[in-house]
Every structure is written in structure tokens, then in C-alpha cells.
Amino acid sequence: MVSETGNLLETKDLMKWFPQRGGFLNRAQSYLRAVDGVSLTVRRGETVGLVGESGCGKTTLGRTIMRLTDPSGGSVKFEGKEISRLRRGALKPFRRKMQMVFQDPYASLDPRQNVRSAIVEPMRIHGITRSKKESNEFAEDLIDKVGLNPDHLSRFPHEFSGGQRQRIAVAIALAARPSFLVLDEPTSSLDVSVQAQVLTLLQDLKQNLGLTYLFISHNLAVIRQMCDRTAVMYLGRVVEYAPTGMLFENPKHPYTVALLSSVPIPDPRKRGQLAVLSGDVPNAVNIPSGCRFRTRCGFATDRCSSASPPLVEIEKDHWIECFYDIDFGRRSKTELAS
Amino acid sequence: MAEEARNRNSRTGRWADVRYMLHLFRQNPIVLAGAVISAASVIIALMSGLLVSSTYWNHITPGASLCWNNQLIDWHIANVFNCGGPVYPLGTDLYGRGLLQMIIVAIPVDLQIAFEVVASAMIIGTVLGGVAAYMGGVVDEIILRATDIFLAVPGILLAIVLLVVLGRTIPVLTTAVLITWWPFYVRLARSQVLSEKEKLYVERLKATGASGPRILFRHIIPNTIYPILIQGTLDIGAVILTVSALMFIGLTPDPKYPELGNLAKQGIQYIFTAPWMILFPGLTLLIISVGFNLLGDGIRDVFDPRLRR
Amino acid sequence: MKLIVYAIRRLLLMVLVLFGLSILIFYLTRGLLPPNFALAPYVTPRMDDAARLSIARSLDVATSSCPSYTAFVDQQAGCIVPLWGQYFKWLTNVLSGNWGYTLLPGIAGTDSTLHVFFSRFPYTVELALTGAFLAIAIGIPLGIVSATHNNRLPDHVARIFSLGGYSVPQFWFGAILQIVFVLYIRVNGVGLLPASGALSTTCTICFADPGTIGTFTGFPIIDALASGNIPYFWDALVALILPALTLAITSIGALSRIVRSSMMEALRQDYIILAQSKGLKDRLVVYKHALRNALLPAVTVAGLLTAYLLGGVVVIEIVFSWPGVGNTALVAAEVLDINFLELYVLVTAVIIVAINLGVDILYAKLDPRVTY
Amino acid sequence: MTAREEAGPILKISDLRVTFHTYAGDVKALNGVDLTVRKGEVLGLVGESGCGKSVTSLAVAGLLPPNAELESGTITLAGADILKMSREEIRQKRLTDIAMVFQDPMTYLNPVLTVGSQLLEIITQEPKLFLPALVRHRLEEIGPEGKEAPALAAERERLLSISRGGRPGRKEVERLARQYVVSTLRQVRLPDPEKVLDMYPFELSGGMRQRVMIAMALVRRPKLLLADEMTTALDVTVQAQILQLLRELRKEIDASIVLITHDLAVVAEVCDRVAVMYAGNIVELAGVEELYSDPLHPYTKGLLASIPRVDSARTRQVSIGGSVPNLLFPPSGCRFHPRCPKAFGKCPQVKPPLVEVKPGHLVACLLYEE
């Protein structure tokens, strides 16, 4: 895809299938193919967005990269080292470098643990600080970095508002001094006015600490504001991956086009322009043959149902998984050489 | 809406539980009664040795057998025998021992067995259930099937078999009741841990690199302990009832043994001539059991966030 | 089709559990007691030592190399078959119904354990089922009333009632009922209700001479009806009142508590708000929308309750001198009739496990969301 | 547009104050809400969590939880004051006039009852109320007298006799209700409605469940439709489908719609007028284009500025500082003053009234007092 140098994270054909058990012996009868062959690169220092509708596998992909669940196939390389099959002990140094922030900040905090203890815990686990004093100083430094004050350290999660809780979750994630953060819908449960605060905080932290983000969201607007490059997922696969501006200005995959044009815009003068994609997302257990989007695609041909489309670099850094280069304005298509 | 607002309030913070408990006591005095009764029974049990000599139960006063000399209650039964002498406020039993003294000696016996059984069942249940739920797979299956085996027999039957085979002693009785009780706690702890381990903070801790035992014992179990403690409080009463029932049906170390069920057993033969003999020990059991049950119910309400308004 | 697969799987699991239980019971009764206890139900007093030794050998308890009965009783080295070796013979005997002779006083050696057990078991079943029926019939409505009148008077009354029932010692409550209905409420010189036994003729509302009935099923009530003997049927029914009531009152709590909490849970759900917003009458909201969901857990508890009462009636049978297996179990315990206790444990276990299975299948039928 | 603006109000709420009594204290959820909904319009009610928008709609439907206290105010629906009605009268209103659609169709549909059972019960509990509509609907379906099959002619005769006062049997009512419900399901563009009736909610997709919930509202031909976060739980593509349905439906039905949401983009897409709520007050109310092009209240301005936009390139987010106040201890005066960049001396003391500063544009802010 891209040159090896500068890639902090690289997945190749990554798969996560969940067995659907049943029958007499409770054997796997079929598989829910949540992540079904994803190849993705994240360069050092960039923010990569992962966008898609619920059930497209974006969260599972994040969890698989974080090794919160074991991949069913494919590889994950972090700093060039294969981590998808490492055992607990060997994985620990990578656990330190990769941290995750979750959607629901309240649920992601242990309700019986105060903020200080929660922030200090990762330092202990990874032996980052040597003394209690040092831990406390680092904790105070972190809580300041995320925009709270040291008084907050002795309080419990339920004493905070949603936005403050998410700041705390970020502080905890930073406590292990990671270089890479997976942000799984970090602002989805927050109010609009608070969402903007947290997004700004994340941008500032990235700049100041030189972090790399994988930003998972269903919210296209947030993705556009936050990410350098964006991958669009549909039914367990990345169907389009491009620099964010390019993806939003000039989407090439019919699903991306449909997704973008179904987002309402907060401007009444632009109302009535929503394009409606009909039907529902197929079940991830019975994935359509060939191109998995063909059942809802307005440009589908016989070829789409017989073979899986290849991943094509349609312009520099702009990858799509489609047989055709479609001109959406003129509704015409030209076949792509694979 | 109200929920949101409350969560955001730093002033309600850590004192919320305490304040809510006081609120409940105000709203529901029955809970308070439960707390008072259970506290009183524990205090009586602790002070038992000071009130009545612990060897009192082994004395026999032949002349005072089955008599009633408390003028406050007239039983309207023809052959109630007044033995004179010192006043026995609750009458005497077959061996001429004052029933009140016997009850005071018996309360700590029952409570001690109950606390031992419940505490051991809670520890065994939490550890086994926690490990089963957290590890899943084969470990879970084995522990679960083991509880199935014990849950397939009515507890009292298994206890009878054990007492018959191993002898009628208090340690055997305690063990027998424990053997019928632990599976419930394994099931309870397992289901609690199963739902708790799906919570996001567990996922976060895994991502942080925390080890399994750390997550289970430092985070999950402390967060799931309340339902288990509540069940423990509720079970104190149930265990006392089981123990006294086993004693009542005759599985006692000694016919004179000071235990409430055993005291009641002597009374059943004299139910129509000396009704106090079964009445008061049974009433004591009822009061203690009600006390702990009310307390457990009350604590459950305190820690059930869905009931809060 | 899928349900059948599920049921068969559960059935196999059930066999596994019963197998495990048989090992447990075997270990408790054979592993912890001296080996000659195993012999007791199979020998008669007139047998000499040689005959006893050969029976011990045929039961796979004594080895073929054991020189004498005395050596066997003294547990000499090499005389006793290791436990795991004894187990399979024991299991074969148990499964083929060879439980030996009863050791119960009075009939020891003259009647088989199996026959004694199954001639008395119907009395226990009759009492347990009546008790369970009453508990379910009172407990479920009580729980509903409690939930729909949360924290108001009916709730308090229902809670005290169920909590009291849950907390009261069974033997004591039974005795109090006896005192009240036999000693204090007397009509025509006898108590209003019979104090004990499965057929009492000395109470106000009893027939003095109910006559006799044939034995068809072993259940007195059913047999009385089958014989067309109404006075006998009535007396048998009246005798059930106090023990069944005691059983019911002390078990209601378990059921009404779960119904109350699951009903309150259901009433808090979002679908209740939607039902109300549709303008449905309260009756429809409570009994159609909430109750359908709340009864699901109640089904499980009601099934379990019925199953456990079969073994849990021991105490009540003793208080009311009920001629069922629970009462007999205590006598068996006195004379160390281990086989009777084993049989009792295993039969109730089979029933409990079977009811569990039935409840799970019923649950799966009632809840459309359950997949197997 | 203008015809709509001149139409009279279907709903008028004035000075509505609601307090929730919780063990932690009193939550002053609504602090004097004034709002009118005109006939046939789609009104957007926007605000962040806890601002009282859902409480307002529950109050209108008479569905506030038992620990809520109505301190003052009137809610007039088509001339009748809802707050003065008995429980039974409000229930009747819910059955015929006010319908609600909720956020998460998974939890709001009863999981153990079929879709059909949950739809049909609305009609079958009081069939008399719906009978004329059922008969009229079926007659329309059969069409005018002509050369149809004799079975249909016989049915028309039967229906006509019912409409003249004849009493139909139970079976007949159920059959009519089923036909009526099926056509309503068709109206919400649900494919294969006959089959859907026998399905359980968990067997449907999120979008289909939301359509079922909308059908439950439409069956009653309501005058007022309160849609509470109707599209929030849905994916964007499904949301687009539902928004399109809503736009089409408003031409077909003559209900006023109150769209309660936190999403200003959804409001911009379908609403005629917008009311912005903050901490229990309406702070601004205007026509949708007016509000987006010329917001007056500092909160509305902040809110509009803090929405990330999909149609513009990367910019640094602008945000309102602080967070939504805890209504156990609401700020004095203007409840927004602690977060307001333009707050001045009077703000903590005086609660600003909602005043009309431009025609049709109301704002509750002391900056705009004459």
C-alpha cells in the first residue's frame, strides 16, 4: 500500500470471525464475519479515521488491533513487529504503547476507584514510575494536561460530568506514556457543546505529545474535522481509504457517496438534498457473494456478484474496492484495470 | 433526566449512599426495625455468657420439670403445673431448666453456625463463581456442573445423609449445611461477574495491560460484592431455620443441647400440656429470621440503583 | 426441530449430572461408612458368616481372596474391593432396582426397600404438590399486587405476609396451627381440623367412618375417587389442609418476591411508556404488557419450588405425622437404613432435574427471543 | 408556508413548571416553559441532555412519572386544558389526539408480543371509537360500485349496514382492524406488512422497528405527533430514510409534529420552526431559516458554532465552556449566565422573559431587552 517507513501500525488481511454456535454438539455452524480482511496502515503522527454504520465492524477492528480479542486471521504489525499472535508476557510492552479510549466514559471507569488510583494503576502495571511520589506528580501533571485540576484526583467517577469523565479516561490512557491511541467513538455519548471541548483537547494532546490516533466514529462530520486520512468500512471490509479531504470532496466508492449524501447538514437552505440509500445492511453471517455492497448499489453489474472487487489505488493515496471508476454526476462508469 | 443531573452533582458524591439509606429509613421504618432486631440478636449472642452461665444447659432440676409460674400469662390449660420457687419468666422445660435462660444460651449457638455457614459459602462462592465466570470455557463448565450436582438434591436430605454418616456433631452439621448452600453463591457470584466483566472498564483495564487476577480480584469482585453481601444477610435467617429444622427432627449431638430447634423439639410432645415450650423458641427463631430478612431487603433497596428516584 | 435438539442435549447433560450425583452419594454412604453397612439390606439375621461373605463377594464389596467374614468386617488388607471397583456393581444394582430389604423397625427384612419407598412416596408427592399449588396460587397474585401498589398499603401487607412466611420456622408454624385448630377452635368436643396423619376421623368436619378404598395409583385422594368413596376422599382432603397450608405459607415468600421484583422491573421498562402513550387502559398495560414479561422468571421459580418441596417436606411430615417418605427417612436415619436414604435422594434428584428441564423448555416456548 | 404561519395553535403551553422530587433533592426540570405549536407545522424542539425537552413532551401526554410535580402552567390541546383532565380523559386524548414516537424502538416495543398484537390492541380495546374510520377505509379500498366480484359487493353491503348503525361481530372488527393496520404499515413504506404483523420486534431491523412505532402513532390519526429523538438511535443511511418518510408523511396526514432532538442538522432538514431549550427554559424560538442565519441567544450561537460540519474542511472546533448545570442546584437568574461569554451584571439576578424581538423571532436574553 504505502512505503514501509513511517508506518506505526499496519494490518494485513486482518479477520475476526465470531462463530455462531448451535446444533447438537454446539459446534460453530456459521460465522459472523465482523472483520473480514482489512488491510490498513497508520503512519506515525497522523490521525486515521475509521467510519461506518453500526455493525460494519469498526469497533471490532479496533478491539482486534488492541488484541482485546484474538484475530481469526491476518496480521497486525506495530512498529514493524508482528503482535497478532504474541502471548500475554510478550504483548505487555506493546500494551503500554497502545492505549484505548472508549465511547461511554462512565462505563469505562471503575465506579469504586478514585481518579488518582485509576491514573496511577497503568503506571504501576508497566513500572513507569519508581516511587509513590513520582506517580502522584505524574498523575497531577496528567490531570492538568487534560484540563482538570489536582483536587479532582481524590474524587470518584460519579462525581463528574460526561465531558470531565472522558477527560479522565484520556488521562488514564496517557498514564502509560503510549505512542498510539485507539479512540472508539470518544465523543458519541457527549452533548454537542461538550463534544467540541473534548475534540479540541484530543487535537492539542496529539500535537503536544506527538501521538498517533486511530479515530473510530460513526459521525462523518467529526471524522472530517479530526482525521488526516479516513477509511470507510462496510460489512467488515474497508471499501475506501483516502486522505480525508479527498474522500469527502471526491468520494469514489458508491457506498461512500451514499453515506456522505445521507448526512443532514445543519443549514436549512441545504435541506431536501439527502439521497436515500434503500434497504438495510445485510446480515454479517450471510454476506452477499462478490462485492458485498452490490445488493444496495445502484451501479452493480453481473460482474459484481461473481467476483470480489480488488483494492485499487485510483489516484495517489486514494484506494477503493470497486471494479469501476464511477462518475456520480453523469452516472456513468468505466472499468478499472486491476 | 434526574439521573443525569444527580450524577453530575459533586455535592451529593460519596455521601449519596449514606443519605439515601437515611432517606429509606425515614420512608420505611420496617427496615430500621430489621436493623435493630439483627443488631439486638448479635448483641445478645455476644453477651450470652455474661447473662447465663454457658454450662447452664447441662444442669437438671428434676423438681421443676415443665412448670409455669409467671402470673402474667394464664394458659387456660387444665394441668399447667406451678412449681413455685424462683420465677421462670418463660416457664421451664422437661429438664427443669428455665426456658428464657436456655434461649439466651441457644441464640449464640444458632448465630455462630449461621455466620460460619454464610461466610464460608460467600467466600467459596465468590472465588469459584468469579473464576468460573471470568475464565469461562472448560473451567466454567466443570464448576457449573459441580453446582448442578449439589443443586439437584434438596439441601435438607443431603444434610440428613451427612449427619447420619459422619455423626451428629456441630462441625458436621455446619459442614452439611454449608455443602447444601455454597452452590447458590457460586451461581450468584458467577452471574454477577458475568455481567460485570462485560462492562467497559474491564475492557479498558485489559487494554491497559492489567493481568487477569488483578482485574478479577481488584476490580470486578469488589464491584459485585454487594448483591452477595445482601444475599448473605438474607441467608442468615434461612440458615438458622435450616439448622433448627435439622435439630428439630432429631439430628442433635445431645437431647439437651441448647439450640432453638432442639428446644422446640422437646416441646412438640407437650404441645397440648406445655405449649410455651415450643412457642418461645420458635418465636425467637421467627424474630431473628425476620430481623435479618428485613435488613437484607432494606440493604438491597439501598444498593438497587433502579429503585432510586 | 431445533427445540428437540436442545431438549436432547439438555437430557444428556441431565444424565451427566445424575451420574455425578450418584458418585457423590455413593462416596458419602459407602466411602465414609465401614464396608459391612453395605451388606445390611441384603442379609438376614439367620445367615451364617459364610453366606454373608458370599453376599459381600456378590456385591463386589469383598474380594474373592478374602479368607473369612471376620476378616472382611475387620477390613483386613486385600479383603475390601477398592471403592471405584464397588461403584459399578452398586450402580448396576441400583439401576436394576435391587435395593435389598428394608431395615425399618417392625418390617425389617420382610419388605423390599423399593416397595416401602414407593408405597409411601405418593403421600409425599400429594402433600408437596398441594403445597406448591397453593403457594403458586397465592404467591403470584401477591407479588403482582405488591408491585402495582409499590410502597402503599397493599404492598406493605403483602410484603409482611411473604416475609413472615419466609422467616417462620416450618415446624413451629405447623405446631401453632395445630394448637389453634385442634386445641382452641373446638366444635362438638373435637378440634375443627385434624391434627395429624393422612386420614383423620377425629375432627369436626371429618366423616367418622370413611370405610376403605382400593389401591390403584397409591395416591389416597385419587384412589378414593376411583373407588367412588366420597367420605374417604373428603377426609383425605381435610387432612391435607394444615400440612399443605404450612408448606404453602412458608414457601410463598420465594415466589412473591421474585414476581414483585420482576414485575416492578417490567413496569419500569420503556415499552410500558409506549403502551401508555398509545392510550391503552391501565388494565391492559399491567396485565398484557408487564405481566407477560414478568411471569417469565416466575415460571422458573415456580418449577424449582415444586421440585424442592418434594424433598423439603421432611420437617412438615414429622410435625403432622404424615405417612410419607420424609417421615420414614428420619426413622431410616435412626436405624442407618442407608439404602432408603440413597433411594430418596436419587429419586428426588431425578424429579428435580426433570422439572428443571421441563421449565427450561417451557421458558424457551414462552419467550420468543430465546434461541437454542 | 405563510398559510401555515397564520393557522391557529393546536397546542399551547404556558408557564409550565415541573419539579422532580428525588431523594437527593428537588430537580427543577422545567422552569416556566412557553410554547405554541401551530396546526400542520413541524416544530423542532432542540437542546442538550437534561434541558427538559423530553419532560415537556411527557407532560403534554400526561405521562410524567409519579415523582414529578406540576407546579404551575397550562397545556391547552385544541382548546382543552390537559392539566385539568382526569386520568381517564387524558388516556382518551392519548388514544385519539396525541401520539408519541420514541428514540430506541428496540426497548420501546414489547419484546414478547408480536408487532401485530401491539398494533391491533390500540383498536380492539375500544373498537367503537375506530369503527367508522375502519369502515370508511375499507369502503375506499373496495372502491365505488361497479363490476367487482360478488364477494366484494356483499362485503360492501355489510359495511354499509354497519355504517348505518348495524353492529359488527368480533371477527368482523378484527378483520377490519387488520386491514386498516396493514394499510397503515404500507403508509410507512414497510415492505410485506402482512408478514411483519406476525413477527416479533427482535426479528426486525432498526429502521423497520422505527417504522412500526410510527405506524402505531398514525393508526390513531392524531392531531399532534410528539417525536422524541426519533432518529437518534439509527444509522445515518436509515436516518435519511426515516427523515424522507417524515417529509412525505407530513403531506399525507394533518397532524402537527413536534420533533424533539439534540441534532441541529436533523432540525434543519425537516422543521418549519425551531425552539431551543436550555436547562428547563425555551431560550429562543424562530423560523428555521431565521434561526440558523441569525441566531440571537448566546447559547444558540455557541451551539451552532460547535457542531462539527461534514460540508466544510477542517477547522478548529469552537465550543461553549463548562457543562450543562445540575438542576438540583440551578444557577440563579438566567440559567445560562455561568457559561455565557456575554453575561453582565443583571444576568445572575433576573430571569429573562421570552420576548419577540423581531416578527416571529422570540428570545429570552437580557441583551435584547429594550
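This briefing walks through the chains of a predicted model, from overall build to contacts, cores and local details. Residues are numbered from 1 along each chain as its sequence is written, while chains are lettered from A and ligands numbered from 1 in the order in which they are written. Because the model is predicted, local features need pLDDT of at least 70 and side-chain atom pairs count only at pLDDT 80 or more, whereas totals for chains, interfaces and linings use all residues.

- Chain B has 11 helices and 0 strands, where helices (H or I, at least four residues) and strands (E, at least two) are DSSP runs numbered from the N terminus.
- Of the 309 residues in chain B, 52% are buried; a residue is buried if 20 or more other C-beta atoms lie within 10 Å of its own, exposed if 12 or fewer, and partly exposed in between, with C-beta atoms placed from the backbone.
- Among contacts in chain B between residues at least 6 apart in sequence, 72% link residues at least 24 apart; two residues are in contact if their C-beta atoms, placed from the backbone, lie within 7 Å.
- The average pLDDT of chain B is 86, and 89% of the residues score at least 70; pLDDT is the predictor's confidence in each residue, from 0 to 100.
- Among the elements of chain B, helix α4 (residues 99-135) has the highest mean pLDDT (95) and helix α1 (residues 2-7) the lowest (38).
- Over residues 1-13 of chain B, pLDDT stays under 50, and the model has 28 contacts beyond four places in sequence for them.
- Helix α3 (residues 29-51) of chain B carries a kink of about 35° centred on Ala45(B); the bend at a residue is the angle between axes fitted to the seven residues ending there and the seven starting there.
- Within α3(B), the buried residues include Val31(B), Gly34(B) and Ser48(B).

**Where chain C meets its partners**

- On the B–C side, 36 residues of chain B are in contact with 40 residues of chain C.
- The helices α5 (137-151), α6 (155-166), α9 (212-248), α10 (260-268) and α11 (276-303) of chain B each supply at least two residues of the side that touches chain C, and the largest share, 9 residues, comes from α6(B).
- That side of chain B divides into 27 nonpolar, 6 polar and 3 charged residues; Ala, Val, Leu, Ile, Met, Phe, Trp, Tyr, Cys and Pro count as nonpolar, Asp, Glu, Lys and Arg as charged, and the others, Gly among them, as polar.
- On the D–C side, 21 residues of chain D are in contact with 18 residues of chain C.
- Here α3 (87-96), α4 (105-108) and α5 (115-124) of chain D each supply at least two residues, with α3(D) giving the most, 4 residues.
- The side of chain D that touches chain C has 14 nonpolar, 4 polar and 3 charged residues.

**Nonpolar cores**

- The largest nonpolar core has 403 residues, and Ile160(B), Leu255(C), Leu341(C) and Leu259(D) have the most contacts inside it; such a core is a set of buried Ala, Val, Leu, Ile, Met, Phe, Trp, Tyr and Cys residues joined through C-beta atoms within 7 Å.
- Leaving aside neighbours within four places in sequence, Leu341(C) is in contact with Ile160(B), Val161(B) and Val164(B), as well as Ala329(C), Ala332(C) and Ala333(C).
- A second, separate core of 11 residues includes Ala62(C), Tyr69(C), Phe72(C) and Cys79(C).

**The sheet of chain D**

- An open sheet of 4 strands runs in the order β2-β1-β4-β5 (chain D), with antiparallel pairing; strands pair if DSSP finds at least two bridges between them.
- β2 (25-38) and β5 (80-81) of chain D stand at the edges with a single partner strand each, so one side of each is left without a neighbour in the sheet.
- Strand β1 (residues 9-22) of chain D is joined to β2(D) by 11 bridges in an antiparallel run, and Leu16(D) has Val33(D) in β2(D) as its bridge partner.

**Loop residues worth a look**

- Arg177(A) has a positive phi of about 50° although it is not a glycine; Arg177(A) sits in the loop between α5 (162-174) and β7 (180-184) of chain A and is partly exposed, with 16 other C-beta atoms within 10 Å.
- Gln75(C), also not a glycine, has a positive phi near 55°; Gln75(C) lies in the loop between α3 (69-73) and α4 (83-95) of chain C and is exposed, with 11 other C-beta atoms within 10 Å.
- Ala149(D) is in the loop between α6 (127-142) and α7 (150-163) of chain D and is exposed, with 8 other C-beta atoms within 10 Å.
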